[in-house]
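Q: Hi! I'm new to this one, could you walk me through it?
A: Happy to. Have a look at it here, and then ask away.

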Amino acid sequence: MPEVRLHGLLVCDDEDEAALIVEHLPRHIALTRQEPGCLDFAVERTTDLLVWSVEECFADRAAFDAHQQRVASSAWGRLTAHIERRYAVEGLTD
């Protein structure tokens, strides 16, 4: 099965949204990196203080799907659901 890669941007509208990211991102990163099948996970602030670069790699679709399900029910998922994501995903073959 092919790896699944996600890359793109997390884009905040204002400093309040950015503060949510700063507060909750360390735990989100730590939990994600512990997930089975997570090969790489990086979220880094860009020179625009309202934008983060996101790079993810999971071993296969099952690991990626499990990550998406965990995130949807997590504090991170609930608190940042309204923040814009500009993502592209590669490797999602059926």
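This is a predicted model: local features need pLDDT of at least 70, side-chain atom pairs count only at pLDDT 80 or more; totals for chains, interfaces and linings use all residues.

A: A term to begin with: helices (H or I, at least four residues) and strands (E, at least two) are DSSP runs, numbered from the N terminus. Two strands pair if DSSP finds at least two bridges between them.
Q: Got it. How many residues sit between S2 and S3 in their hairpin?
A: Five residues lie between S2 and S3 there. The two strands pair in the antiparallel sense, over seven bridges, and Cys-38 stands opposite Phe-58 of S3.
Q: And which way does strand S1 pair with S3?
A: Antiparallel again: S1 (residues 4–11) and S3 share eight bridges. Gly-8 has Val-54 in S3 as its bridge partner.
Q: Is S3 mostly covered or mostly open?
A: Mostly covered: of the eight residues in S3 (residues 51–58), six are buried. Buried means under 20% relative accessible area, exposed over 50%, and partly exposed in between (1.4 Å probe, protein chains only).
Q: New topic. How many aromatic pairs are there?
A: One aromatic pair is present. Phe-58 and Phe-64 form it, edge-to-face, with 5.9 Å centre to centre and 70° between the planes. Rings of Phe, Tyr and Trp (its six-membered ring) pair if their centres lie within 6.5 Å; planes under 30 degrees apart count as stacked, over 60 as edge-to-face and the rest as tilted.
Q: Are those two Phe residues buried or exposed?
A: Phe-58 and Phe-64 are both buried.
Q: What about salt bridges, how many?
A: Four salt bridges are counted, each being a side-chain nitrogen of Lys or Arg within 4 Å of a carboxyl oxygen of Asp or Glu.
Q: Which one links distant parts of the chain?
A: Glu-35 and Arg-70, with N to O at 2.4 Å. Glu-35 is in the loop between helix H1 (15–33) and strand S2 (38–45), Arg-70 is in helix H2 (residues 61–72), and they are 35 residues apart. Glu-35 is buried at 11% relative accessible area, whereas Arg-70 is partly exposed at 24%.
Q: What does Arg-61 pair with?
A: Arg-61 forms a salt bridge with Asp-65, at 3.4 Å between the closest N and O atoms. Both lie in helix H2, four residues apart, about one turn of the helix.

Technical notes
Residues are numbered from 1 along each chain as its sequence is written. Side-chain values use heavy atoms; hydrogens and water are left out.
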